[in-house]
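Morning, everyone. Let's look at one structure together, and at its aromatic rings. Sequence and model are coming up now.

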Amino acid sequence: MYRNIFSVIIGLSVSLAEIFYAIKWIKKWFSKIQFIPLKKLQYVFIYAPPEFFITLFFFYIFSALIGGLTTAFFVQNAKKAYALLTGFILFIIAFIHIFLYTLPLWFEIIILPIFFPFSYLGGEFIEFLQRKKRIN
């Protein structure tokens, strides 16, 4: 039981760290928001061009996938279920994030449904690899 809880925490930590570093990294690409410190993240989101959010969307997908992969890798049983749990918690965090920061409406709409399927896909991928390893 503790291993499963620890696995979900590790998966969430990896996902959230990837998201924070992605924001920091993408911010350097755009001269309009390049010098706004991350402590003032609200201003980064207000002045960011649409390309910033499109790129950030793909990093959100990648972070959900990596979080599901990491969680499923460390869990012993029910890998897809715990990967989905990681996706659900990421969904809740993104939902809170939407209320705390001013984001474009189109971005708010498209980021919410990505966490479940991509974290599930990460769990499915790990299960597939482990099944293939048992067969060989």
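**Around Phe45**

Start at phenylalanine 45. Leaving aside residues up to four places away in sequence, phenylalanine 45 touches Ile23, Phe52, Phe53, Leu56, His97, Tyr101, Thr102 and Leu103. Contact here means heavy atoms within 4.5 Å.

Ground rules. This is a predicted model, with pLDDT of at least 70 needed for local features and 80 or more for side-chain atom pairs, while totals for chains, interfaces and linings use all residues. Residues are numbered from 1 along each chain as its sequence is written, and side-chain values use heavy atoms, without hydrogens and water.

Now the rings. There are 18 aromatic pairs in the structure. Rings of Phe, Tyr and Trp (its six-membered ring) pair if their centres lie within 6.5 Å; planes under 30 degrees apart are stacked, over 60 edge-to-face, the rest tilted. Phe45 and Phe52 make a tilted pair: 6.3 Å centre to centre, 55° between the planes. What about Phe52 and Phe53? Their centres are 5.3 Å apart and their planes at 85°, so that pair is edge-to-face.

Buried or exposed? Phe45 and Phe52 are both buried. Buried is under 20% relative accessible area, exposed over 50%, partly exposed in between, with a 1.4 Å probe and protein chains only. Phe52 has 0%. Phe53, at 1%, also counts as buried.

Step back. Ring pairs link a cluster that includes Phe45, Phe52, Phe53, Tyr60 and Trp106.

Last, the largest nonpolar core: 31 residues, with Phe45, Phe52 and Leu56 among those with the most contacts inside it. Such a core is a set of buried Ala, Val, Leu, Ile, Met, Phe, Trp, Tyr and Cys residues joined through side-chain atoms within 4.5 Å.
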